[in-house]
Amino acid sequence: IGALVAGAALSIALPSSISLEISQISQSVSRAWREAAAQASAHESIQSLARSVEKAEEPADMPADKPAKKLADEPAEKPAGDPAAKIGEVFDKSGVRIFSKEELSKYDGIEKGVPIYLAIIGDVFDVSTGAKFYKKGRSYHHFAGRDGSRSFVTGESSGEGLSDNIDGLDDEELDGIAHWHGFFTTHETYKKVGRVSGAFYSEQGVTKREFPWARLRAKEEASEALKVQFPGCNSKWTQADGSTVWCTTKSGGIQRDWVGVPRLMQREGVPQRCVCVPPERADSVEFEHYAGCPLDSERCTVPKKA
């Protein structure tokens with residue numbers, strides 16, 4: 001701009017005073033142009049430096065659009081829309097919901113539209129599909145909304161017997177509870193939904209009391225082995241003759257190549273029952289001979305008790 005103004009001043013004959021003024025204006029415009037250019041260059045340098053600093057501070061292994069990882073001790077978030085992610089609900093470290101007894105009592109089959117839950121050995125199951133058994137007014141309603149482990153084998157439907165206290169129960173009763181637990185666990189429509197704090201789990205879901213699964217399983221395996229070794233007898237009862245017991249190669253549901261003779265098993269810790277014993281072992285003290293029956297007979301009539 002300054003050069004153009006100066007050129008115009010040289011090509012036109014003007015009074016000296018005007019020419020001087022034009023020259024001064026040209027110099028001022030040229031100086032202002034140079035200053036503006038310098039400021040723009042400096043601004044661009046500052047922006048470039050700032051970008052370099054930001055890039056240096058960003059972790060090399062983390063994309064700019066990826067959020068930082070949560071700390072190891074931060075609680076895991078439930079997925080958006082997860083119906084179980086409600087305020088006040090407690091979950092253990094593996095994500096299993098832990099009910100308090102008060103919470104569980106709300107699922108007692110009384111209020112319409114609310115699922116029906118029950119617990120056994122501390123595990124909570126949704127039995128809503130069995131409402132005809134567990135809702136109010138039905139035979140098993142007393143199990144709904146609580147852990148009534150003891151009642152599953154004692155038959156008590158109220159009071160102290162309707163609780164998770166299994167103290168004093170023998171192995172046969174405990175085995176009964178285990179079988180009920182297996183029923184709910186393998187049911188086609190009943191679903192396990194959590195655990196309840198009480199006799200078996202703490203408020204944080206930590207195990208307080210172990211159910212004797214291992215001992216019961218070992219005892220059951222021993223019992224099954226005993227049934228193979230000494231199969232049960234066939235039996236029938238009539239009003240006139242009383243009971244008759246006998247052995248075959250299939251009695252007791254055990255296929256074998258020997259028949260055996262009927263004896264009453266008297267082994268300690270084993271329920272008394274009629275078993276088929278190989279003849280060579282029939283005289284053992286743990287087997288009682290049926291009175292009035294020949295020692296080698298495969299069939300015996302059990303005298304009626306007076």
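Which residues does Val-127 touch, not counting residues up to four places away in sequence? Some notes on that and a few other spots follow.

1. Ground rules. This is a predicted model, where local features need pLDDT of at least 70, side-chain atom pairs count only at pLDDT 80 or more, and totals for chains, interfaces and linings use all residues. Residues are numbered from 1 along each chain as its sequence is written, and side-chain values use heavy atoms, with hydrogens and water left out.

2. Val-127. Leaving aside residues up to four places away in sequence, Val-127 touches Ile-116, Leu-118, Tyr-134, Phe-184 and Tyr-190 (contact means heavy atoms within 4.5 Å).

3. The cores. A nonpolar core here is a set of buried Ala, Val, Leu, Ile, Met, Phe, Trp, Tyr and Cys residues joined through side-chain atoms within 4.5 Å; buried is under 20% relative accessible area, exposed over 50%, partly exposed in between, with a 1.4 Å probe and protein chains only. The largest one has 21 residues, and those with the most contacts inside it include Val-127, Tyr-134 and Phe-184. Strand S3 (117-120) and helix H6 (171-186) each supply at least two residues of this core, and H6 gives the most, with four. (Helices, H or I of at least four residues, and strands, E of at least two, are DSSP runs numbered from the N terminus.) A second, separate core of nine residues includes Cys-233, Cys-247, Tyr-290 and Cys-293.

4. Aromatic pairs. Rings of Phe, Tyr and Trp (its six-membered ring) pair if their centres lie within 6.5 Å; planes under 30 degrees apart count as stacked, over 60 as edge-to-face and the rest as tilted. That rule gives 18 aromatic pairs. Phe-99 and Tyr-107 have ring centres 6.0 Å apart and planes at 85°, so they are edge-to-face; Phe-99 and Tyr-107 are both buried. Phe-152 and Trp-180 sit with centres 5.2 Å apart and planes at 50°, so this pair is tilted. It links distant parts of the chain, with Phe-152 in helix H5 and Trp-180 in helix H6, 28 residues apart. Phe-152 is buried at 10% relative accessibility, while Trp-180 is partly exposed at 29%. One aromatic cluster has both of them among its members, along with Tyr-134, Phe-184 and Tyr-190.

5. Ser-151. Also in helix H5 (residues 151-154), Ser-151 counts as buried at 2% relative accessibility.

6. Arginines over rings. Arg-256 lies over the face of Trp-258, 4.7 Å from the ring centre, and Arg-299 over that of Trp-246, at 4.5 Å. The rule: NZ of Lys or CZ of Arg within 6 Å of the ring centre and within 35 degrees of the ring normal.
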